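Reader: Hi! Could you walk me through this one?
Author: Happy to, have a look first.
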Amino acid sequence: MNATRTTTVTCPNCGRGNRIPVAAEGRPRCGHCKQPLPWVVDASDGDFAEVADNATVPVVVDLWATWCGPCRMVSPALEQVARDLAGQIKLVKVDIDQNPRLGRRFEVQAVPTLLVMDQGETVARQAGAAPAHVLRSWVQQAMAGRQTSAGG
C-alpha cells in the first residue's frame, strides 16, 4: 500500500545503519560494505500482499501475539535466522491481534505460527517456538524442497 515505507537495519558486517524499503524487489545490501542485509519487517492486513506475497525472495512469516510468551522467545531466534540467511530470505512479522484477516487467512490456531512462503504460496508451516539452529534448518529445507520441485 505504501511502497515508500522503510525500516532501519544495522549491518551485521560493518555495524552501519541502513534504511531499506519494507516492500521491494531484489535483496537489500549495505550501502557501506555492500554485504547482504537481514530483511526484517512488520506487515499488516493492509500491506501483507505487497510486503510478503509479492516478495521476490522466500519469506518467513512470524504470526505472533503480544501476550504470547513463546512468541517473545522465538522472535530473537527468527532474527538470528534472518541474519544468518541475509540475502536469501525476508522475515515478515504479523501481530495477529492487530491483523485478524491474516489470522483467518492462515487459519492460525496457535501462536507463534511460522510459515515459509515462496511467491505468495505457503511451502512450509509449523506452530511453536524453536531454537535458531532448528528454525534455520527448517527454513533451508523448505527452500531446498521448493527449488527442487520448481525445477531449480
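Author: One term to start with: the bend at a residue is the angle between axes fitted to the seven residues ending there and the seven starting there. This is a predicted model, where local features need pLDDT of at least 70, side-chain atom pairs count only at pLDDT 80 or more, and totals for chains, interfaces and linings use all residues. Residues are numbered from 1 along each chain as its sequence is written, and side-chain values use heavy atoms, with hydrogens and water left out.

Reader: Thanks! Where in H2 is the kink?
Author: At serine 75, shortly before proline 76, and the kink is about 25°.

Reader: Which H2 residues are buried?
Author: Cys71, Val74, Ser75, Ala77, Leu78, Val81 and Ala82; buried means under 20% relative accessible area, with a 1.4 Å probe and protein chains only.

Reader: Switching topic: how many helices and strands does the chain have?
Author: Four helices and seven strands, counted as DSSP runs (H or I, at least four residues, for helices; E, at least two, for strands). Along the sequence the pattern is β-β-β-α-β-α-β-α-β-β-α.

Reader: What share of the chain is buried?
Author: Buried residues are 47% of the 152.

Reader: What size of box do the C-alpha atoms fill?
Author: Roughly 40 × 35 × 30 Å, along the principal axes.

Terms used
Buried < 20%, exposed > 50% of the residue type's maximum accessible area, 1.4 Å probe, protein only.
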